[in-house]
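Hello,

Here is the structure I promised to pass on to you. Please open it beside this message, and then read on for what I found.

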Amino acid sequence: MRINKEGYKIIVIAGLICLATWGVFYKLLVSHESTALLWCGSIFLIFSWFFIVFFFREPKRIAIHDNELIFAPCDGTVVVIENVYEKEYLKENMIQISIFMSMTNIHMNWTPVGGVIEYFKYHPGRFLLAWLPKSSEDNEHTTTVVKLDSSHKILFKQIAGFLARRIVSYYKKGDRMAQNEVFGFIKFGSRMDLFIPANSEILVEIGDRTIGTQTPLARLVKNNKI
């Protein structure tokens, strides 16, 4: 199992904290001959550290390239599919597809389409539960707009959740990205919103589980306005 580079520092710090905590447990409990409690505490600390390591796992996946398809940018569960007015940048009616990532999901983010980044902005904000509708605007998030070679424009957001405290994006305005490349990482619980052309063919339903780079969310219609 590979570990994502975003986890290196956190894993080391968590390991040191667990080790220091075990040392305190040892001094307090051994002197009172509380061997059972020491074992329980040790198992809990080991489990906690391995969970953090597990959280930052990095899967090896085959990148699929299809200019007509929009792929899932993350692992998770589809929680929203609705028609909305995108007011931050595109300022037109779009279809919003939102994917919620639980603590057990891989939290790497991939590019759902290939093209040039026309707009990128980081928004500081709150840390509401990621599945709440207002988290899309109120929570800390990034907004990225990609213009495809077909002139379609796709907007997607990385949204921090209740526990997430850092969003990482590897691209900036003007960069060209290939479809299904690693785009970034959201640490500890989060969500991603995609805003796609209103006449796209939706290929998923609410409740469907997605696999980043592998699950097609929608198909672009060729005669979409330019």
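In which loop is Ser-151 found? Ser-151 sits in the loop between E8 and E9. Before I go further, please keep in mind that this is a predicted model.

Ser-151 has a positive phi of about 80°, although it is not a glycine. With a relative accessibility of 23%, Ser-151 counts as partly exposed. Asn-180 also has a positive phi, near 65°, and is a residue other than glycine. You will find Asn-180 in the loop between E11 and strand E12 (182–186). Asn-180 is buried, because its relative accessible area is 6% and the cut-off for buried is under 20%.

**The sheet**

Next, have a look at the open sheet of eight strands, whose order is E11-E7-E8-E9-E13-E5-E4-E15. The pairing in this sheet is antiparallel. Its edge strands are E11 (176–177) and E15 (209–210), each of which pairs on one side only.

On one side, strand E5 (residues 92–101) pairs with E13 in the antiparallel sense over eight bridges. Within E13, Ser-190 stands opposite Met-101. Strand E9 (residues 153–160) is also antiparallel to E13, and six bridges join the two. Leu-155 has Phe-195 in E13 as its bridge partner.

Further along the order you come to strand E7 (residues 115–123) and strand E8 (residues 141–147), an antiparallel pair with seven bridges. His-123 has His-141 in E8 as its bridge partner.

**Thr-143**

The side chain of Thr-143 makes another polar contact, at 3.3 Å, with the side chain of His-123. Leaving aside neighbours within four places in sequence, the residues in contact with Thr-143 include Glu-88, Tyr-119, Phe-120, Lys-121 and His-123. Leu-155, Phe-156 and Lys-157 are also among its contacts.

**The second largest pocket**

Rolling a probe the size of a water molecule over the atoms shows where empty space is left. The second largest pocket has a volume of about 250 Å³. Its lining is made up of 17 residues, and those nearest the centre are Asn-67, Gly-114, Leu-148, Asp-149 and Ser-150. By type, the lining divides into six nonpolar, six polar and five charged residues.

**Leu-19**

Finally, please turn to helix H1 (residues 8–30), where Leu-19 is found. Leu-19 counts as exposed, because its relative accessibility is 59% and the cut-off for exposed is over 50%. The C-alpha atom of Leu-19 is separated by 9.2 Å from that of Ile-46, a residue 27 places away along the chain.

Technical notes:
Residues numbered from 1 in each chain as written. Predicted model: local features only at pLDDT ≥ 70, side-chain atom pairs only at ≥ 80, totals over all residues. Heavy atoms only, no water. Pairing = 2+ DSSP bridges. Helix = DSSP H or I, 4+ residues; strand = E, 2+ residues; numbered from the N terminus. Buried < 20%, exposed > 50% of the residue type's maximum accessible area, 1.4 Å probe, protein only. 1 Å grid on protein atoms, 1.4 Å probe; cavity = no way out; pocket = protein on both sides within 12 Å on 5 of 7 lines; lining within 4 Å. Points joined across faces, edges and corners; volume = space filled by probe spheres on them. Nonpolar A, V, L, I, M, F, W, Y, C, P; charged D, E, K, R; others polar. Polar contact = N/O pair within 3.5 Å; in protein donor to acceptor, adjacent residues only side chain to side chain. Contact = heavy atoms within 4.5 Å.
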